[in-house]
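My notes follow, as a few numbered points to read beside the model.

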Amino acid sequence: KSIGTGYASGKIILMGEHSVVYGEPAIAFPFSGTGIQATIRANKLESWIESSFFHGPLSEAPTTMRNVTVLLWYLVKHFKIPEPFYLKIESSIPAERGMGSSAAVAVAITRAVFDWMEEPATQEKVLHFVNQAEAVAHGNPSGIDATTISGTEPILYQKGIGFQPFQLNMDAFLVVADTGVKGQTRKAVKDIAKLMELRPYEISKQMRTLGKLTGQAQQAILQNRPQILGDCMNQAQSLLRLLGTSNRHLDHLIETALENQALGAKLTGGGRGGCMIALAENETRGRQLQRILLDAGARNTWIEGLGVYAHV
Ligand code: MEV
């Protein structure tokens, strides 16, 4: 094949970020509102990367792209890819905003290489490569981003145990808003690890409470009770704030959403910037919330009906 292409969407964590690193369950889904397209083909002179944050020879890629260069190294070794190659990355996922852009870029590239080499890209095989890249990007990833993004359905995920498909089918809409401020997942995960060392009793109790809230949210979804899901989201946000993962930009958008009839609101992903999510009882309210959040300073917003997965 002369050219290989691969696509990956972003992801949204509904409940369970950070506590998932400590073995608690989390609910996440691939987010079709954003995505990354990777294209790979042979090149003449040297291996080349074309992307919005870097374009130039692979050998000169900045250290911030180490997850990509490490991934390519594994893929080259495994597939004996013909070098030099030309790799193009086109993304509509805002980088470092808790939407899983690092996992998505890795999934898109891996799928493109599998396509180029005409090998079926099963989720298991893709994950094998993507997890290596994620370890570089995140330090101590739970694996939730890579697992969600390499799949097609909402999942209930538990580190070390794996995932199960999860019917995220509820009469409600989720509004996603980007603060426009870069999140700091790696740093936030590290700082929580430090807190865990200093105050193990208190912090592990908070992690368990976050895990319980994910369980309650799961029940609320199964019973189609948006108000209860909203309460779970609010309680999770209070704990995430205590753990130092929120910031004033997130708090401002979350408060604005709650003042405007959101059923619940919280950060999503690593936090300290990045995106927040708000639950709306119907599409009209959801679209109103989008406008209000944009007026309140959000860089961008999306809306997703939680019933859409019913027939996947
Ligand atoms: C990042 O999307 C989610 C975190 O829980 C980190 C991880 O699970 O690896 C913050």
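1. Where is the place of K80? K80 sits in the loop between helix 1 and strand 5, with helices (H or I, at least four residues) and strands (E, at least two) taken as DSSP runs numbered from the N terminus. Please bear in mind that this is a predicted model, in which local features need pLDDT of at least 70, side-chain atom pairs count only at pLDDT 80 or more, and totals for chains, interfaces and linings use all residues. Residues are numbered from 1 along each chain as its sequence is written, and side-chain values use heavy atoms, with hydrogens and water left out.

2. The backbone of that loop deserves a look. K80 is not a glycine, yet its phi is positive, about 50°. P84 lies in the loop between helix 1 (66–79) and strand 5 (85–91), and a cis peptide bond with omega of about -5° joins E83 and P84. Most residues other than glycine have a negative phi, and most peptide bonds are trans.

3. Now to the ligand. It is surrounded by 13 residues (a heavy atom within 4 Å), the closest being K11, H18, V20, S142 and D145. Polar contacts here are pairs of N or O atoms within 3.5 Å. An oxygen atom of the ligand is 2.5 Å from a side-chain N or O atom of S142; for K11 the corresponding distance is 2.9 Å, and a polar side-chain atom of D145 also lies 2.9 Å from a ligand oxygen. Of the 300 Å² of accessible area that the ligand has on its own, the protein covers 97% (Shrake-Rupley method, 1.4 Å probe).

4. Next, K182, in the loop between strand 8 (173–178) and helix 5 (185–198). Leaving aside neighbours within four places in sequence, K182 is in contact (heavy atoms within 4.5 Å) with E96, R97, R272, G273 and G274.

5. Finally, the axes of helix 2 (residues 101–116) and helix 3 (residues 123–138) come within 9 Å and cross at roughly 145°; axes are lines fitted to C-alpha atoms over the stretch in contact, with angles from 0 to 180 degrees between N-to-C directions. Residues making the contact include A106 and F114 of helix 2 and F129 and A133 of helix 3.

Terms used:
A polar contact is a pair of N or O atoms within 3.5 Å; within protein, one must be able to donate a hydrogen and the other to accept it, and residues adjacent in sequence count only if both atoms are side-chain atoms.
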